[in-house]
Amino acid sequence: MNRLKTKFKEAFFAVFPLTVIVVLLGLFVIDLPTDSIIGFIVSSALLIVGMALFTIGIDNAIMPIGELIGSRITRTKKLWFIFIVSFFIGLIIAITEPGLTVLSAQLSEAINPWILLIIVGVGVGIFLILALAKIIFDLNLNRILMILYGIVFAIAIILTIIGKSDFIGVGFDAGGAVTGAITVPFIMAFGIGIATIKGNNDASDSFGLICLCCVGPIMLVMLLGAFSGGTITSGAESLVHFSFNDLTSIIFQTMSDVFIPLLIITAVFMLFQIFLIKTPKTNLFKILIGILFTYVGLVIFLVGANGGFTSIGKEIGYLLADYNKWLLIPVGLLIGFFLVVSEPAIQVLGSRIEEISDGRIKRKTLMMYLMCGVGVAIALAMIRIITGISIFWILVPGYIIAFTLSFLVPKIFTALAFDSGGVASGPMTAAFLLPLGLGACSALGGDILHDAFGLIAFVSLSPLITIQILGLISNIKARRTTTESILVADDFDVIELEV
């Protein structure tokens, strides 16, 4: 019971600030309809309840399942078996990730949603194999990422030359959207299980999987765009107000969307349980109860996100741009700052990092740097929507800064930063921030595809810089402490000589 109270308290303080900002904005600045404000408050309450139950389920079910499967397949010492299982796990959890549904809906007229999901799933599966190879063979994550992103930007340049630049922002957004509420904790735990059996005590081994799994979808979706002859519509041309009548259909649709991935994960786990894992019945029962908590919590959370947050996000963007477009920048900064802590996977990542680092990396400190980064990212996205500048003017300098920092910080911070980039762009980003940008772009009469898409990519980029800045500051402090200790030791030596 105490644990449940703690989870509710954490969820409340994660969602409450954003709720207050939106309500005050709606009442005193842009005159939001009363139904929309009430719907947003109800949705916020659903988010709090859903996040609390979901995180309990993740701790009791998804994380243990991932660790058990990861450690058990590693014990077989059959590399081909590890890679085949990893590919299918990556494929399955990617195509069933609820966070991808928002993005696929925006692209339905250009790409069949199932084709997009399969392409993204294949990308995650292939690059999950690469991520595991990085752990098993002690490959340098920094070098891998530099090579991969070099290829990504080479593809982007080619797309620009051949007139297919439409899919550059979409590709980056797909890489961010795939790392959602189910994918992140499972992949993270899967990597921890493999790293544990490997016997290396280096904590950085258990990080880096998520960021590598983001790169695959970016590449494949951009390549898919090169062969696509369709056009992309955003669905943001008309402004739709929140309606409680829509909640029934949203609830049933969400129940279905969440049930399928959790059923597949449960079925995969039960197969491993029968033939390989054979965990005690008490642990098995605890995991099954945890899956139930995960299902109920995620359904409630996504109903809140897709119910009130999506429609009001588009309304705020549209009305604010119509009222004063330059207000989009500070409002975007403020909303981005507080919204990232309401991402369920961020809570999981923060707790796991604090645990693995033995408290050396505090969750509160990590959250503050993430909040600052995402706030700036949304402000930059709003500047792009207002001015219509190319996505390259932000992504290229951003990644240059990120990779430069990677040479100056401990490698665990590089892995952590790139993982955080994927985690920060979860279902809340897709359900609220992306509609915010779409609404603003529609009101300003901009090009939806070129000016609004890519927002998720900015959110994914920001932690790469801010978390590595945290690592740089920590590194400088550690060096100062070491230097002071040496000086103190030398002083004692001098005293002893003088005596």
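Modeller: Let's start with the rule for ring pairs: rings of Phe, Tyr and Trp (its six-membered ring) pair if their centres lie within 6.5 Å, and the pair is stacked with planes under 30 degrees apart, edge-to-face over 60 and tilted for the rest. That rule gives 18 aromatic pairs here. Take Phe 337 and Phe 338: their ring centres are 4.9 Å apart and their planes sit at 80°, so this pair is edge-to-face. Keep in mind that this is a predicted model, where local features need pLDDT of at least 70 and side-chain atom pairs pLDDT 80 or more, while totals for chains, interfaces and linings use all residues. Residues are numbered from 1 along each chain as its sequence is written, and side-chain values use heavy atoms, with hydrogens and water left out.

Some rings gather into a cluster: Tyr 149, Phe 153, Phe 172, Tyr 399, Phe 403 and Phe 418 belong to one aromatic cluster. A cavity is a set of points on a 1 Å grid over the protein atoms alone where a 1.4 Å probe fits but cannot get out, and its lining residues have an atom within 4 Å of a point. Points join across faces, edges and corners, and volume is the space filled by probe spheres set on them. There are 2 cavities of 30 Å³ or more. The largest cavity holds about 110 Å³. Among its 14 lining residues, Tyr 149, Cys 214, Tyr 399, Gly 422 and Ser 460 lie nearest the centre. Helices H7 (166-177), H9 (209-226), H16 (411-424) and H19 (455-498) each give two or more residues to that lining; helices here are DSSP runs (H or I) of at least four residues, strands (E) at least two, numbered from the N terminus. The lining of the largest cavity counts 9 nonpolar, 5 polar and no charged residues, taking Ala, Val, Leu, Ile, Met, Phe, Trp, Tyr, Cys and Pro as nonpolar, Asp, Glu, Lys and Arg as charged, and the others, Gly among them, as polar.

The second largest cavity has about 50 Å³ of space. Around it sit Ile 89, Ile 92, Ile 93, Phe 186, Ile 264, Ile 265 and Val 268, with helix H3 (79-95) and helix H10 (247-277) each giving two or more of the lining residues. By class, that lining is 7 nonpolar, no polar and no charged.

Now for something open. A pocket is an open set of grid points with protein on both sides within 12 Å along at least five of seven lines. The second largest pocket takes up about 370 Å³, and its 14 lining residues include Val 341, Gln 347, Arg 363, Lys 364 and Met 367, which lie nearest its centre. H1, H13 (344-356) and H14 (363-387) each supply at least two residues of this lining, whose classes are 8 nonpolar, 1 polar and 5 charged.

H1 spans residues 2-28 and holds Thr 19. Thr 19 counts as buried because its relative accessibility is 12% (buried is under 20%, exposed over 50%, partly exposed in between, with a 1.4 Å probe and protein chains only). Leaving out residues up to four places away in sequence, Thr 19 touches Phe 40 and Ser 44, a contact being heavy atoms within 4.5 Å.

Zooming out, the protein chain has 19 helices and 0 strands, and 57% of its 499 residues count as buried.
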